[in-house]
Amino acid sequence: MRDFTLFQMIGGVRAQSGGNDTYFTYRFARPDGAPANVSVNFTVTGPAGWNGGQPFNAPDRFLGQDTDRMQRGWFGPAAPPVSGAYSFTAVIGPTTYSGSFTIDATQTLPEPASLTPITVTAGSVTCSWSAVVRAQSYDFDIWNDTDRRSEGSLQYVTGTTATVIGLTLTAAKTYFCQVSPQSINLTATAFAPLGTQNNTSFRRAQLTLP
């Protein structure tokens with residue numbers, strides 16, 4: 001397995017109505033920009049009082065090819081963020097990457113005030129939402145709540161309307177459109193610094209098939 005030129009990871013706050021969670025954003029790239037599909041084992045250790053005083057482990061997390069020949073994703077535990085210093089290790093094959101970042105738990109990014117399905121068919125869904133101040137881009141997803149899986153998604157949306165095509169939705173199942181604003185510029189090249197903290201939030205609206 002070829003080594004990666006870089007591995008970056010930062011933390012942030014995922015604002016939710018039921019309580020805020022800790023949120024991690026990571027990105028990695030190969031020297032030649034070649035596609036990579038790998039499994040990564042993450043371990044994150046936080047300040048005192050975070051995650052019940054235990055490290056957060058995410059074993060065998062699959063990372064796939066991104067559209068601009070970099071890898072980017074996020075995850076987080078259902079644990080309120082605590083301001084302070086965090087450290088991480090990420091094991092990809094025989095190589096271990098490590099680093100640290102800080103989280104300011106008082107920083108939050110509100111959810112869109114509205115999210116409205118515009119056009120809903122079995123094959124495509126268009127939704128619009130209200131802009132969020134300080135959001136640099138949005139992630140948009142069509143969620144199958146019956147089978148607990150995504151039916152299609154878009155990343156790096158810079159406007160407030162998005163359409164996902166190529167769907168095969170059925171009236172027998174329950175679907176939602178979901179939007180998550182991101183507080184940093186994730187559309188930068190794979191080798192650009194991620195920044196110091198990425199905050200997000202979440203809103204969804206149920207879809208009704210004709």
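**Exercise 1.** Is Asp-21 buried or exposed?

*Solution.* Start with the ground rules: this is a predicted model, where local features need pLDDT of at least 70, side-chain atom pairs count only at pLDDT 80 or more, and totals for chains, interfaces and linings use all residues. Residues are numbered from 1 along each chain as its sequence is written, and side-chain values use heavy atoms, leaving out hydrogens and water.

Next, the cut-offs: buried means under 20% relative accessible area, exposed over 50%, and partly exposed in between (1.4 Å probe, protein chains only). Asp-21 has a relative accessible area of 12%, so Asp-21 is buried.

Now look for a partner. A salt bridge puts a side-chain nitrogen of Lys or Arg within 4 Å of a carboxyl oxygen of Asp or Glu. Asp-21 has one with Arg-14, at 3.7 Å from N to O.

**Exercise 2.** Find which residues form salt bridges with Asp-147.

*Solution.* Then try Lys-173, which meets Asp-147 at 2.6 Å, N to O. Asp-147 sits in the loop between E10 and strand E11 (149-157), and Lys-173 in the loop between E12 and E13, so this pair ties together parts 26 residues apart in sequence. (Strands are DSSP runs of E, at least two residues, numbered from the N terminus.) Finally, shared partners join Asp-147, Arg-149, Glu-151 and Lys-173 into one network.

**Exercise 3.** How accessible is Lys-173?

*Solution.* Lys-173 comes out at 31% relative accessibility, so Lys-173 counts as partly exposed.

Methods. Helix = DSSP H or I, 4+ residues; strand = E, 2+ residues; numbered from the N terminus.
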